[in-house]
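I opened the model to look up its surface, its fold and its charged pairs. My entries follow in the order in which I made them.

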Amino acid sequence: QGEESDVVILALTRSTTPGFFKENNRICVSLSRARHLQVVVGNFKCFEQQNKGCLWPSTLQLARQTPAGISGSISLKCQCHQTTREFKVGSDPFPTLISATGGCCEQCNKKMSCGHICNSVCHGNVDCGAVAKCVKSCVRRGPKCTMEDGDSPRTCNHECRKLCSVICGPCKEKVKTTCRCGKELTVECHTITERGSYKECPSMLEHILPCGHKQTVKCYEKYVDHSTVICKSVCGQMLPDC
């Protein structure tokens with residue numbers, strides 16, 4: 001479209017007739033946009049057979065006289081691994097030469113942002129995190145663990161047992177603690193509170209309700225949340241106007 005680039009790869013995609021590529025103004029534009037390197041891929045026999053007024057025959061003849069010339073193969077170099085492989089015309093470069101993610105077929109081995117080595121197939125200069133998620137075990141601990149918005153940071157020092165690429169979230173390590181009622185429990189680490197009362201506690205305790213009646217309720221209902229407790233005692237008061 002008239003814009004220049006350091007490297008231009010032109011695919012002619014023609015095998016029988018040049019189509020609109022036989023027009024000289026289009027030939028000039030397509031072959032003059034590269035600053036440093038121009039690579040043209042196509043069936044040149046189709047273009048060499050054009051009449052003398054067309055620029056293709058003379059252009060291809062000139063190309064054959066240059067050091068680069070016209071070849072039936074092209075060398076592909078991976079910028080990450082510095083390996084060079086030859087791609088011959090008519091052969092399929094996948095999956096032995098080029099990976100579907102744009103690099104060679106060797107393992108990436110770059111260090112990801114998490115610190116682990118990327119085990120994906122080479123993806124060129126594309127960021128590892130944009131190609132694949134880390135499947136190694138998480139190495140974060142306590143406050144360094146990643147949390148969802150709204151979650152409180154971890155205060156423990158337990159290892160996260162999830163995959164590195166997954167948000168750690170609240171610590172679910174099983175720990176032993178003593179409930180406020182005196183019963184020993186095994187609960188998830190993130191549920192430990194200063195109140196010392198837990199929903200997991202099976203103890204049933206006597207509690208005096210706001211109405212004055214005594215009722216046996218769960219430990220958690222007695223010390224933390226008794227708003228849902230319904231008094232099951234008979235009221236005993238006289239109704240007005242009776």
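This is a predicted model: local features need pLDDT of at least 70, side-chain atom pairs count only at pLDDT 80 or more; totals for chains, interfaces and linings use all residues.

Entry 1, surface patch. I find that V7, I9, L37 and V41 make up a nonpolar patch on the surface, with about 370 Å² of accessible area together. Patches take residues with over 30% relative accessible area and no salt bridge, joining nonpolar side chains (Val, Leu, Ile, Met, Phe, Trp, Tyr) within 5 Å and like charges within 9 Å. Strand 1 (5-11) and strand 2 (34-41) are the elements that give two or more residues to this patch. I place V7 in strand 1, and V7 is partly exposed at a relative accessible area of 46%. I use buried for under 20% relative accessible area, exposed for over 50% and partly exposed for in between (1.4 Å probe, protein chains only). Areas are from the Shrake-Rupley method with a 1.4 Å probe, and for residues only the protein chains shown count as cover.

Residues are numbered from 1 along each chain as its sequence is written, and side-chain values use heavy atoms, with hydrogens and water left out.

I read five helices and eight strands, taken as DSSP runs (helices H or I, at least four residues; strands E, at least two) numbered from the N terminus. The radius of gyration is 37 Å, well over the 18 Å that the globule rule gives for 242 residues, so the protein is more spread out than a compact globule. That radius is taken over C-alpha atoms, and the rule is 2.2 Å times the number of residues to the power 0.38. The C-alpha atoms fill a box of roughly 120 × 50 × 30 Å along the principal axes. I see 25% of the 242 residues counted as buried.

My search of the whole structure finds five, each a side-chain nitrogen of Lys or Arg within 4 Å of a carboxyl oxygen of Asp or Glu. One of them joins R35 and E4 (3.5 Å, N to O). R35 lies in strand 2 and E4 in the segment before strand 1, so this pair ties together parts that are 31 residues apart in sequence. E4, D6 and R35 are linked in a salt-bridge network. I also list R141 with E159 (2.8 Å, N to O). Both sit in the loop between helix 4 (128-131) and strand 5 (174-178), and the pair ties together parts 18 residues apart in sequence.
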